[in-house]
Number of protein chains: 2
Amino acid sequence: MHFRLVDAASRDNGAARLMSVKFETDPARYRHWKLETERDRARLVMKVDEAGGLSPGYALKLNSYDLAVDLELADAVTRLRFEHPGVSVITLESALEGMFCAGANIFMLAHSDHGFKVNFCKFTNETRLAIEDAAANSGQHYIAALNGTCSGGGYELALACGEIILVDDRRSAVSLPEIAYLGVLPGTGGLTRLVDKRKVRRDLADVFATLAEGVRGERAVKWGLVDAVAPRSRFNEAVGERVASLVDPKRAGRAGIALDALAPAESEAEIRYRHLTLRLDQARRLAELMVAGPANAPAIPAAAAALGADFYPLRLFREIDDALLRLRFNYPEIGLVLIKSAGGLERVLELDRALWERRDDWFINETLLMMKRVFKRLDLTAKSFFALIEPGSCFAGSLFELALAADRIYMKADVEGRIATGVLNAGTFPMGNGLSRLRTRFIGAPTRAAALEPGGRFDAEAALAAGLVTAAPDELDWEEELRLAVSERLSLSPDALTGMEANIRFAGPETMETRIFGRLSAWQNWIFQRPNAVGERGALKLYGQPQSPQFDYRRT
Amino acid sequence: MHFRLVDAASRDNGAARLMSVKFETDPARYRHWKLETERDRARLVMKVDEAGGLSPGYALKLNSYDLAVDLELADAVTRLRFEHPGVSVITLESALEGMFCAGANIFMLAHSDHGFKVNFCKFTNETRLAIEDAAANSGQHYIAALNGTCSGGGYELALACGEIILVDDRRSAVSLPEIAYLGVLPGTGGLTRLVDKRKVRRDLADVFATLAEGVRGERAVKWGLVDAVAPRSRFNEAVGERVASLVDPKRAGRAGIALDALAPAESEAEIRYRHLTLRLDQARRLAELMVAGPANAPAIPAAAAALGADFYPLRLFREIDDALLRLRFNYPEIGLVLIKSAGGLERVLELDRALWERRDDWFINETLLMMKRVFKRLDLTAKSFFALIEPGSCFAGSLFELALAADRIYMKADVEGRIATGVLNAGTFPMGNGLSRLRTRFIGAPTRAAALEPGGRFDAEAALAAGLVTAAPDELDWEEELRLAVSERLSLSPDALTGMEANIRFAGPETMETRIFGRLSAWQNWIFQRPNAVGERGALKLYGQPQSPQFDYRRT
């Protein structure tokens, strides 16, 4: 079978298409959040600029958010970890009176095309998981201080916090009105966190998630929707008490490092970072991520943070993160990404060992956690990835993890070629399922994974025998085999590939995280295609207009 | 907001609509399978009648199947358990030369509406899980004897068997060509069973699932796709050896019972079974399942099978199963099902205790397993369920499990009213997640579940306090509260409800089963809506036609 690219005219009609999103920002440029730190605690205050949305055409009223708002939040969560490591408690607050957050902006959702909606939800989900990761692994605890109504995505943001305190004023409620008002799910983890994280009883979750006006006061505590309520007169005091009980003054003295701008050089054909080049062949729908290995393996000083933002792995993985987000949002037609590397195998392993030995240092810990999150971002990117291992590449240890995250690994059978596993492949970078990529790869043969964990070096033959690579064509076949594999991949239905990858990348145990991306998101994506939501008479489409939605009531 | 029902004209254009599927059949009426039993073993031979599909408009060539074929298979799997309990090994075979099964009929899929496709896949998934359940819990082992090519749904059927033996003739392959040819997933558990059950390495699964021609011979064994291959000359012998090694001659003497026809009385307003009445208010999109409790609690004789198909719980749950399937396929617009019961609380508990005490008897075991599967069918039915507990109802033990499976439980606060938990609520009927409904309900508080497991009787107040019911309105409020709850439920988007229920019904652990229904099916449903599959130029739509599909290559 042969396929042709559909032309632009046949695409979603009238859907706003965002052409090029930039993901880098910094607090000085925030339009929607204020980050205030004070020694061991911080306040992250939401005051959304109505006119500051990513696209024109909607106003971000009542602290509703779009991607522009959420990427500032993501930035703040990351900077708190690196720039303010002394902070151990962060309160999420709203600067509005009686309104915490109205959730994702509905007009933005109603006017976005399907792919943007899906990617927007994925990104916001990742941001909320980063909040939970900060609490679990960096000791930075988030408290949602709900000074007013908190609905939809606003409540889902609160659910990502370790504690939720709601003002009790006979008016302020937490609510998930998506189903009742919009005909879609609370898809930013809401349904999953209700029953999996907060363990709300399923029938109460059912009532709550279909009750547009939500639940307030003591009932919200009783149902497990919030942890505590406090009257307005005591609200700040109650929040303050919880902050005081969670603060860890021991770490208050840690000095952070500044995360500088990545500022890559951009052209139509490539985005060139310091250690990474993203090459784009848009006509072929093919991209290449070329990673440059470390120039040296620096000794890590006693105060590791002195290495700063220039520290190779931190810089590289911030670059990879930025490249992945650009690929998702700005290059939807790119279907396949080839991952390559060039550099010294031994230097990567040396650096990995140094990281491992100093993992108790807060800065090294944060660097490893950043790497972990970027690998997960790759796992969750709806593109195919093939790792290509050629002579001169440096797929060892942490960089080999990039190959393990890929859908296939092609290694050129060459006497010089080597790959290596190392100490960081043994669990430092768990996938969303909680297992290392080696353990997931050999889910049926844990002893094979265990045998690889102490580390080892492999030429193509040994790598093939160990199950570390998918194929190892020799010099004669390499070009042709890759050409076929690439062109075949690019000919397949992009939707079927997305669905396939979402199913086979994550063997093994499920966690709240995999349920959010695997189950909740898949159902939401389905609903985001249904006429009952997005058709001309669909509930999402008609929200805020005088007409009532018309449903096809057949249950599917 | 107010909603109106869309009129028929605005529905999926030109999609074939099946009006009334009957699910009961028996071997004498099979058109597509031959069931041959011989003491301790059986052969289930597929020879699909091309003209025997459920609808006109497609021919079931090459042992391709539609619902008519699969409901015979489901019937055979059930009858083997009850009618042929002496059988311990079943070989799945094909009567065609060089062709085991071509999978689900593509023309049927291409011309079915979305809801039918989704329900068809769900039913076929349940059938395959019933095969695995028979092996795990009834000691009836299935061997897929692949005498020829086995593709798509055919291979997914083989994956449900405990063993797969493939003929090695340099031609016959196992394959999942859905992605390459149709732009959809192998959605009958295929992707999940590859990586979760057979633990095929993810990169090999990736290659296999995108390789239309599949994999044959030794490579299929090496990749873990089949358990053994045998040349044509030795094929029957190889299969026979495996049968001989699995057969359990000890059980060969068991005499089965005949499953008679349910033959309910049907009208437009109701389907009346012996112990169950399904009332249908199609104008309101509301149904009622009224269960009559047992008339008595019979002593179970030494040879329990003497009770036969008239045995109350067996009969009742076969009736509930039939009613649920009819609701799914024949009444798509019914959105809410009210579950009621009438009878004696104590008699249900007595019967439950008798079942529990005799659970080692093969017939009682089969009856309990049937009940378990029916509860799961309820869990997986895309309708809302409210259990209504009124004076005179008999929601105790196994019948209370129906309420626990519902989305909400309303109990009338009345001095006479009682519900009861009993021995069968403590794990006899696990959900797909492997936990009892009590354990799932109190997922955050295992001690609360444990406290209920020894059994207890509860009036409304106590039931509310124990978390066993959602609400307990008193006599004055009952009518009005229910009226509101029902009309509110029926006003909501059916798609959002389906997605919500799929997420909050299944808290707790995930299993292969929940991954099939929660993750794989959700992605497939999404793909089944995408223009790349079902649009005018979609791959599924155009299969078998000269035109090539045209894809919108944007990755979502």
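Predicted model: local features only at pLDDT ≥ 70, side-chain atom pairs only at ≥ 80, totals over all residues.
Figure 1. Residues are numbered from 1 along each chain as its sequence is written, chains are lettered from A and ligands numbered from 1 in the order in which they are written, and side-chain values use heavy atoms, with hydrogens and water left out. Helices (DSSP runs of H or I, at least four residues) and strands (runs of E, at least two) are numbered from the N terminus. Helix H6 of chain A covers residues 190-197, and seven of its eight residues are buried, so the rest of the structure largely encloses it. Here "buried" means under 20% relative accessible area, "exposed" means over 50%, and "partly exposed" is in between (1.4 Å probe, protein chains only). The buried residues of H6(A) are Gly190(A), Leu191(A), Thr192(A), Arg193(A), Leu194(A), Val195(A) and Asp196(A). What do they pack against? Their partners are H3, H4 (153-159), H7 (202-209) and H19 of chain A, together with H18 of chain B.

**Figure 2. Two loop residues with a positive phi.** Most residues other than glycine have a negative phi. Arg170(A) isn't a glycine, yet its phi is positive, near 60°. You'll find Arg170(A) in the loop between strand S10 (163-167) and strand S11 (173-175) of chain A, and it's exposed, at 72% relative accessible area. Over in chain B, Ala263(B) has a positive phi near 40°. Ala263(B) sits in the loop between helix H9 (232-246) and strand S14 (265-266). Is Ala263(B) buried or exposed? At 61% relative accessibility, Ala263(B) counts as exposed.

Figure 3. With a relative accessible area of 3%, Arg505(A) is buried. Leaving out residues up to four places away in sequence, Arg505(A) touches residues of its own chain, including Leu378(A), Asp379(A), Phe385(A), Asp407(A) and Met431(A), and also Arg202(B). (A contact means heavy atoms within 4.5 Å.) Val195(A) from Figure 1 is 310 residues from Arg505(A) in sequence and 25 Å away in space, C-alpha to C-alpha.

**Figure 4. A helix of chain A meets a helix of chain B.** Two packed helices are described by the angle between their axes and the distance between the axes. Helix H19 (residues 512-527) of chain A and helix H18 (residues 494-504) of chain B have axes that come within 10 Å and cross at roughly 175°. (Axes are lines fitted to C-alpha atoms, for helices over the stretch in contact, and angles run from 0 to 180 degrees between N-to-C directions.) H19(A) and H18(B) are therefore roughly antiparallel; under 35 degrees would be roughly parallel, over 145 is roughly antiparallel, 65 to 115 roughly perpendicular and the rest oblique. Among the residues making the contact are Trp523(A) and Trp526(A) of H19(A), and Ala496(B) and Gly499(B) of H18(B).

**Figure 5. Rings that pair up.** Over all chains, the structure holds 32 aromatic pairs. Rings of Phe, Tyr and Trp (its six-membered ring) pair if their centres lie within 6.5 Å; planes under 30 degrees apart count as stacked, over 60 as edge-to-face and the rest as tilted. Phe116(A) and Phe329(A) have ring centres 5.8 Å apart and planes at 70°, so they're edge-to-face. This pair links distant parts of the chain, with Phe116(A) in helix H3 (residues 114-138) and Phe329(A) in helix H10 (residues 312-330), 213 residues apart. Phe116(A) is buried at 9% relative accessibility, and Phe329(A) is buried at 7%. Ring pairs join Phe23(A), Tyr65(A), Phe116(A), Phe120(A), Phe123(A) and Phe329(A) into a cluster.

**Figure 6. Charges over rings.** A charge sits over a ring if NZ of Lys or CZ of Arg is within 6 Å of the ring centre and within 35 degrees of the ring normal. Lys117(A) has its charged end over the ring of Phe528(A), 5.5 Å from the centre. Arg285(B) lies over the face of Tyr553(A), at 3.4 Å from the ring centre.
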